[in-house]
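Have a look at it first, and then we'll go through it piece by piece.

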Amino acid sequence: AKQQGKNNYQIYHEGMAVQTLNHLALESDLRKALSRKELLVHYQPQIDLMTGAIVGVEALLRWQHPLLGFVSPAQFIPLAEESGIICTIGEWVLRTACQQQRDWQAAGLPPMRMAVNLSAQQFQQSSLATSILQTLEETGIEPQYLELEITESAAMRDVQFTTSTLSRLVDLGVQIAMDDFGTGYSSLSVIKHFPLHTLKIDQSFVRDAPHNSSDVAIANTVVALGRGLGLKVLAEGVETAEQVEFLRSIQCDFAQGYYFSRPLPPEAIAPLLISKQVT
Ligand code: C2E
Ligand code: CA
Ligand code: CA
Ligand code: CA
């Protein structure tokens, strides 16, 4: 079966039919990826812009495919959403991240925020809160250190359902972050309706700041909005010292990006967490 899989990938460029075949092969591989231990979680630090200290990490899924090598989550998450396996994978990411957090604490690190992405499908599952509670209990993680990241599009599918799901999650004591904030069609509705703790300014608004005046205005507004509503604001995709300077000047709370560190495997990020400092 592996041999056949290989052929499918090799003839990828030969046309649509082949591409579909390839898609199917990838999907079937993804189903096996978990049991074959090809899925990994990397961690990217989140920095307090005022102190420069690492205050948390975001868990980011990685797939080390035996033939294709590293497959980006941007490619396989949509596939996993389509086929429904995202729920199983998402639960695995959550458990892995919580176990990692527990291991770090056992090794003497102070507890820090662990941010985990929830997919739209996972978010629709009525068993979500129960499953999260179970993971928290199994791993002994204090709920206030777990932050669940959801997107506007997932949240806005069914406002009433989202409201009740989020209040159940908030009752568990976990934090909620709105990911890619500003890229949806309903950003203001999202913050009006839902109990949130953090707004993550999408990297598309950070990339050209401080040179692009629209991006500067948007970043400024999101920070002001966050302050007015008692929410923390984190800027994503921070790559340059100039962006850090700008974000500090508008008193954005937190930042995350290659400037500080790429997402890293647990053994590579541990030394950073021990020193609590990325620079
Ligand atoms: P996201 O949640 O918005 O994650 C941020 C993405 O930006 C990550 O891409 C991260 O590696 C990348 N990034 C971080 N700093 C920088 C920077 O300075 N510059 C640039 N250009 N990029 C930066 P990644 O890891 O490839 O993940 C892509 C997307 O896949 C994520 O976007 C998220 O939507 C999804 N994803 C990743 N892991 C999971 C997961 O466990 N569950 C779910 N449902 N989705 C996930
Ligand atoms: Ca995220
Ligand atoms: Ca994001
Ligand atoms: Ca994104």
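## Around the calcium ions

E236 is buried, with a relative accessible area of 9%; buried means under 20%, exposed over 50%, and partly exposed in between (1.4 Å probe, protein chains only). A quick word on ground rules: this is a predicted model, where local features need pLDDT of at least 70 and side-chain atom pairs count only at pLDDT 80 or more, while totals for chains, interfaces and linings use all residues. Residues are numbered from 1 along each chain as its sequence is written, chains are lettered from A and ligands numbered from 1 in the order in which they are written, and side-chain values use heavy atoms, leaving out hydrogens and water.

So what holds the calcium ion (ligand 3)?

| Calcium ion | Coordinated by | Distance |
|---|---|---|
| ligand 3 | D179 (OD), D180 (OD), E236 (OE) and E236 (OE) | 2.2 to 2.4 Å |
| ligand 4 | D180 (OD) and D180 (OD) | 3.0 Å |

Along the chain, the donors of ligand 3 follow the spacing D-D-x55-E. D180 lies in strand 6 and E236 in the loop between strand 8 (232-235) and helix 12 (241-249), so this pair ties together parts that are 56 residues apart in sequence. Helices (H or I, at least four residues) and strands (E, at least two) are DSSP runs, numbered from the N terminus.

D180 coordinates both ligand 4 and ligand 3, two calcium ions 3.7 Å apart. D179 likewise coordinates both ligand 3 and the calcium ion (ligand 2), with 4.0 Å between these ions.

## A serine in a loop

Where is S119? S119 sits in the loop between strand 4 and helix 5, and it is buried, at 10% relative accessible area. Leaving aside neighbours within four places in sequence, S119 is in contact (heavy atoms within 4.5 Å) with E81 and I86.

## The whole protein

Stepping back, the protein has 13 helices and 9 strands. Its C-alpha atoms fill a box of roughly 55 × 45 × 45 Å, taken along the principal axes. Of its 279 residues, 49% count as buried. Among contacts between residues at least 6 apart in sequence, 66% join residues at least 24 apart.

Key:
Donors are N, O and S atoms within 2.8 Å of the metal (3.2 Å for Na, K and Ca); water is not among the atoms, so sites may look incomplete.
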